[in-house]
Amino acid sequence: MAKKQEREKGTRPSVIARMRAECDRATLAVCRIEARGCRRLVVEGCERILDYGECCICLAVRDPDARCLVVRGRGLRCLSYHPNAVIIEGRMDAVLWHDGEANGTDS
């Protein structure tokens, strides 16, 4: 009964999203982060930029356990964005993981 209600409300992930998540788990496709001090961050496995500002950048990432990566700090900017990777520069105070696509103002 609960699954029927989820389908009616549209809250259940699509078949493609569920298949992709299972494939990522099986192949260990995860988001990879390389930090160079607190001034530069390279994020591989980035699908898109959800929110962008000088104090907060929120990224949708390809990871079976977390969908969203939030970087908080001062003077943040994206130096480059390539398919699957982004480079962020600025003074970083925190890097947070979220299960859902939340903007960087919630934590």
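This report walks through the fold, the strand pairing, the cysteines and a surface patch of a predicted protein model.

A few ground rules first. Residues are numbered from 1 along each chain as its sequence is written. Because the model is predicted, local features need pLDDT of at least 70 and side-chain atom pairs count only at pLDDT 80 or more, while totals for chains, interfaces and linings use all residues; side-chain values use heavy atoms, with hydrogens and water left out.

**Overall fold**

The protein has two helices and five strands, arranged along the sequence as α-α-β-β-β-β-β. Here helices (H or I, at least four residues) and strands (E, at least two) are DSSP runs, numbered from the N terminus. Of the 107 residues, 28% are buried, where buried means under 20% relative accessible area, exposed over 50%, and partly exposed in between (1.4 Å probe, protein chains only). Among contacts with a separation of 6 or more, 49% are between residues 24 or more positions apart; a contact means heavy atoms within 4.5 Å. The protein exposes about 7,000 Å², with carbon and sulfur atoms supplying 51% of that area. Accessible areas come from the Shrake-Rupley method with a 1.4 Å probe, and for residues only the protein chains shown count as cover.

**Strand 5 and its partners**

Strand 5 covers residues 84-98 and pairs with strand 2 (residues 40-52) and with strand 4 (residues 68-82). Two strands pair if DSSP finds at least two bridges between them.

**Cysteines**

If you are wondering about disulfides (pairs of cysteine sulfur atoms within 2.5 Å), the structure holds zero. For cysteine 31, the nearest cysteine sulfur belongs to cysteine 46 and is 7.6 Å away. Cysteine 31 counts as buried because its relative accessibility is 10%, whereas cysteine 38, at 29%, counts as partly exposed.

**A nonpolar surface patch**

Ile33, Val95 and Trp97 form a nonpolar patch on the surface, and together they have about 240 Å² of accessible area. Patches are made of residues with over 30% relative accessible area and no salt bridge; like charges are joined within 9 Å, and nonpolar side chains (Val, Leu, Ile, Met, Phe, Trp, Tyr) within 5 Å. A salt bridge is a side-chain nitrogen of Lys or Arg within 4 Å of a carboxyl oxygen of Asp or Glu. Tryptophan 97 lies in strand 5 and is partly exposed, with a relative accessible area of 42%.
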